[in-house]
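Dear colleague,

I am handing over the structure below, which may be new to you.

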Amino acid sequence: CKILRCNSEYVAATLHLRGPDRGAAFCTALRSYSLCTRRTARTCRGDLAFHSAVHGIEDLMIQNNCSKEGPTAPPRPRPPAPNPHGFESLDICDYERSFLYKHGRPPGFQHCAAFGDPHIRTFHDDFHTCRVEGSWPLLDNNYLFVQATSSPVAKGSNATVTSKLTIIFKNMKECIDQKVYQAELDNVPAAFQDGSVNGGARPGGSSLAIWERSPGRHVEIRADYIGTTIAVRQAGRQLSFSIRAAEEVAQAFTEEQDLQLCVGGCPHSQRMSRSPRGHGRVPAETARALCREMLPVEDVYFQSCVFDVVTSGDTNFTMAAHGALEDARLFLPNAEKLHIFQ
């Protein structure tokens, strides 16, 4: 369905038309818009944006006394560079702009994170500490597959940490080739598995890109074609994952794709208390003092930090919780939900 192309050509043709003398040119643009929608009618008949455009054209032609018969303007050539202030070069591989254009409002976003033991913050702001060992899917939807592989934090410990992350950006026509990103402990590359740093040779290939924030320690992957940003970090002997995903993308899965830690959290049998019992590797008060330096608010990030330092004896876990909190600060659509208290 090419309705977005019709929309963008119409906006481009009328953007410069102002004042009472725009009449003839405006009617020409409307007839051209109508012709474009008729050409896409067969493939777009189930698209809500298509039907909105058809009715909108009819209303505008009546309001402006436009005749259905008359000249139509040839499609305006797409400018070589995007205009950040308009929609002349609307790109289907720019999710946020396309959504705004179709719905008249920006899209909603959701945030999920996995860090430390691992602790999971779900898209619904539930917070679990997990025992999960082996490979578990964080996400499994129509656009993304993310798998975390966990191993024991220390010999004889029930606690586990993420030691490997695999992220698959699924093939999307006109935008990107399928790309696989993989990080392991002491190997957080700033490239996809095939050595590339973007979505490939397709027209929208640049709508997927990797940025190195801290060499070997922190990368950010921007998937603009689905309105999604992912951060992967290593702190001490663990990897962490954070995502800001468009709601439409986060919810694009079937009943068969039911096991996703970012959606449902840890299965009940895999959940742990964040109150470590017995003899820890670091005294609880020492851990609390260390964590308070990085996390002055005693929320679930602080509790997770204390749990991890006590359980592992590794003070680098303070950085893991701090990094997850910083990602949440950047990714959460609602700043009031930054801190969770349990």
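**F169 and its surroundings**

Leaving aside residues up to four places away in sequence, F169 touches Y143, L144, I176, D177, Q178, K179, F192, L208, I221, A223, Y225 and I230. Please keep in mind that this is a predicted model.

F169 also belongs to the largest nonpolar core, which has 45 residues, and there F169, together with L138, I167, Y181 and F241, touches the most other members. Strand β11 (residues 238-246) gives the largest share of this core, namely five residues.

Four strands, in the order β4-β5-β6-β7, make up an open sheet with antiparallel pairing. Since β4 (134-140) and β7 (179-184) are at the edges and each has a single partner strand, one side of each is left without a neighbour in the sheet. From one strand to the next, the twist averages 20°. Strand β5 (residues 144-152) and strand β6 (residues 160-169) run antiparallel and are joined by nine bridges; F145, for instance, has I168 in β6 as its bridge partner.

**Helix α1**

Helix α1 (residues 3-14) has twelve residues, which at 1.5 Å a residue should span 16 Å, and this agrees with the 17 Å between its end C-alpha atoms. Nine of the twelve residues are buried, so α1 is largely enclosed by the rest of the structure. The buried residues of α1 pack against α2 (23-39), α3 (41-44), α4 (48-63) and α5 (95-103), and they include I3, L4, Y10 and V11.

With best wishes

Definitions and conventions: Residues are numbered from 1 along each chain as its sequence is written. This is a predicted model: local features need pLDDT of at least 70, side-chain atom pairs count only at pLDDT 80 or more; totals for chains, interfaces and linings use all residues. Side-chain values use heavy atoms; hydrogens and water are left out. Helices (H or I, at least four residues) and strands (E, at least two) are DSSP runs, numbered from the N terminus. The expected span of a helix is 1.5 Å times one less than its number of residues. Buried means under 20% relative accessible area, exposed over 50%, partly exposed in between (1.4 Å probe, protein chains only). Contact means heavy atoms within 4.5 Å. Two strands pair if DSSP finds at least two bridges between them. Axes are lines fitted to C-alpha atoms, for helices over the stretch in contact, and angles run from 0 to 180 degrees between N-to-C directions. A nonpolar core is a set of buried Ala, Val, Leu, Ile, Met, Phe, Trp, Tyr and Cys residues joined through side-chain atoms within 4.5 Å.
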